[in-house]
Amino acid sequence: MTIFSKIINGEIPCNKVLENDHFLAFHDINPKAPIHILIIPKIEYKNFQETDPAIMGEMTTFIQTVAKLMGLDEGGYRLITNNGSDGGQEVFHLHFHLLGGAKLSWNHLSDSDSKNFI
Ligand code: AMP
């Protein structure tokens, strides 16, 4: 069981943004932008590569709702999913990073620049 499954079942707390029967959005504990939300399905898929495409349609709507709730829908945001170890994935439960609240440079998440938000 991953740490995200423990968050879903309430064993570990999170700073929740939005939840429904199928998805949960919460603030990343180590934010890489002024707004950094993680969005996860409650069913445990290892990553994007192993996701059932049927769930992605519903997840798209949920992500759009979270972006709007955070006031990012008009100004813009970045949506990332790290897939597998070469993709930088550390938690093997599918999740999307929703990043915003600043004008993000293309390389603002590079390892050498990890202390800088923008
Ligand atoms: P990834 O590298 O794509 O697997 O991203 C995992 C993310 O989960 C990282 O950005 C972490 O900061 C975040 N994270 C790990 N544990 C927690 C937690 N308990 N609450 C919130 N975010 C977490």
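**The ligand and its pocket**

Guide: One thing before we start: this is a predicted model. In it, a backbone N or O atom of Glu90 lies 2.7 Å from an oxygen atom of the ligand.

Visitor: Which side chain has a polar atom 2.8 Å from an oxygen atom of the ligand?
Guide: That is His97. Ile29 takes part with a backbone N or O atom, which lies 3.1 Å from a nitrogen atom of the ligand. The protein covers 86% of the 510 Å² of accessible area that the ligand has on its own.

Visitor: Why are residues such as Asp28 said to be around the ligand?
Guide: Because a residue is near a molecule if one of its heavy atoms lies within 4 Å of it. There are 16 residues around the ligand, and Asp28 is among those that come nearest. By class, seven are nonpolar, seven polar and two charged.

Visitor: Where does the ligand sit?
Guide: In the largest pocket, whose volume is about 790 Å³. Its lining has 30 residues, with Lys32 and His36 among those nearest the centre.

Visitor: Which element gives the largest share of that lining?
Guide: α1, with three residues. The shell around the ligand also draws its largest share, three residues, from α1.

Notes. Residues numbered from 1 in each chain as written. Predicted model: local features only at pLDDT ≥ 70, side-chain atom pairs only at ≥ 80, totals over all residues. Heavy atoms only, no water. Polar contact = N/O pair within 3.5 Å; in protein donor to acceptor, adjacent residues only side chain to side chain. Areas by Shrake-Rupley, 256 points an atom, 1.4 Å probe, with all protein chains shown as cover. 1 Å grid on protein atoms, 1.4 Å probe; cavity = no way out; pocket = protein on both sides within 12 Å on 5 of 7 lines; lining within 4 Å. Sits in = over half its atoms within 2 Å of the grid points. Helix = DSSP H or I, 4+ residues; strand = E, 2+ residues; numbered from the N terminus. Nonpolar A, V, L, I, M, F, W, Y, C, P; charged D, E, K, R; others polar. Points joined across faces, edges and corners; volume = space filled by probe spheres on them.
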